[in-house]
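Let's take a walk through this model together. Have the viewer open, and we will go from strand pairing to the core and then to the question of confidence.

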Amino acid sequence: MQSNCDFINIKIKFKMEQRVTVQAPTNIAVIKYWGKSDEDLIIPLNSSISATLNIEDLCTTTTITGSDEFKEDTITVNGITENINNPRIQRVLEKIREIWSKNSEKIPFKVHIESENNFPTAAGLASSAAGYACLVYGLSKLYDLNLNSDELSTIGRIGSGSATRSFHGGWVAWCSGTQETSMARQIADPSLGQIFVYW
């Protein structure tokens with residue numbers, strides 16, 4: 001299944017650095033999960049259902065620049081410098097670099113991350129969902145990783161649980177599962193007014 005994240009620029013290469021810009025939509029849970037079976041891995045106690053919003057209306061745009069010349073990773077959100085040592089951000093960075101290192105002997109390059117929301121942050125509109133979906137998808141492209149939607153969804157989950165759903169459009173189910181199987185998948189097209197779910 002194709003990812004719902006949209007490229008704005010397909011990797012622009014410079015002499016000393018490379019850059020990618022991506023967009024991802026936010027989503028709203030319509031059947032919520034209540035609590036987690038694993039706080040660190042963000043595995044919910046029960047499955048949930050959400051609706052992905054139109055990327056043209058509510059989205060996050062993230063530009064990630066990578067270079068061997070960078071001394072450290074950095075991140076800004078809406079122009080404000082945030083703590084790159086946030087455990088969730090670090091989990092995502094470590095996972096992406098772990099996958100990359102399996103096929104490369106080079107030391108992973110550092111990244112500068114710039115993220116912007118076109119809607120209010122921390123206003124109940126799941127900005128972290130779109131933000132972490134952008135982060136995971138952007139890093140996967142920057143590091144030339146050929147990840148499918150299930151893999152993207154699983155990595156997104158360790159950053160923000162709701163991010164696992166922003167890789168798909170329409171109606172989406174996030175299954176509780178285990179570390180390997182807790183991911184989201186589309187269950188109905190955006191055009192459908194009603195859904196029928198079983199599992």
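Strand 8 and strand 9 (residues 80-81) are joined by two bridges and run antiparallel; strands count as paired here if DSSP finds at least two bridges between them. Helices (H or I, at least four residues) and strands (E, at least two) are DSSP runs, numbered from the N terminus. Across this pair, Val77 stands opposite Ile80 in strand 9. The hairpin has two residues between the strands, and Asn78 takes a positive phi near 55° there. Strand 8 also has a parallel partner, strand 10 (residues 110-117), to which four bridges join it. Look for Thr76, whose bridge partner in strand 10 is Glu114.

Before going further, a word on the ground rules. This is a predicted model, in which local features need pLDDT of at least 70 and side-chain atom pairs count only at pLDDT 80 or more, while totals for chains, interfaces and linings use all residues. Residues are numbered from 1 along each chain as its sequence is written, and side-chain values use heavy atoms, with hydrogens and water left out.

Now turn to strand 11, which is paired with two strands. Strand 6 (residues 48-52) runs antiparallel to strand 11, with four bridges joining them, and Ala51 has Trp171 as its bridge partner. Strand 12 pairs with strand 11 over four bridges, also in the antiparallel sense, and Trp174 stands opposite Ala184 in strand 12. Which way do the side chains of strand 11 point? Trp171 and Ala173 point one way and Val172 and Trp174 the other, and all are buried, meaning under 20% relative accessible area, where over 50% is exposed and in between is partly exposed (1.4 Å probe, protein chains only).

At the N-terminal end of helix 3, Asn148 provides a cap, with a side-chain oxygen 3.0 Å from the backbone nitrogen of Asp150.

Setting aside neighbours within four places in sequence, Ile155 is in contact (heavy atoms within 4.5 Å) with Val92, Lys95, Ile96, Ile99, Val136 and Leu147. A nonpolar core is a set of buried Ala, Val, Leu, Ile, Met, Phe, Trp, Tyr and Cys residues joined through side-chain atoms within 4.5 Å. The largest one has 31 residues, of which Ile64, Val92, Ile96, Val111, Leu139, Tyr143 and Ile155 touch the most other members. Strand 2 (18-25), helix 1, strand 10, helix 2 and helix 3 each supply at least two of its residues, and helix 2 gives the largest share, eight residues.

What about the cysteines? The structure holds zero disulfides, a disulfide being a pair of cysteine sulfur atoms within 2.5 Å. The sulfur of Cys59 has its closest cysteine sulfur in Cys134, 7.5 Å away, which is too far for a bond. Cys59 is buried, with a relative accessible area of 4%, whereas Cys175 is partly exposed at 32%.

Finally, how much confidence does the predictor have? On the pLDDT scale, the predictor's confidence in each residue from 0 to 100, the chain has a mean of 87, and 85% of its residues reach 70 or more. Confidence is highest in strand 8 (residues 74-77), at a mean of 97, and lowest in strand 1 (residues 6-13), at 51. Over residues 194-199 the pLDDT is below 50, and this stretch has ten contacts in the model beyond near neighbours in sequence.

Technical notes. Polar contact = N/O pair within 3.5 Å; in protein donor to acceptor, adjacent residues only side chain to side chain.
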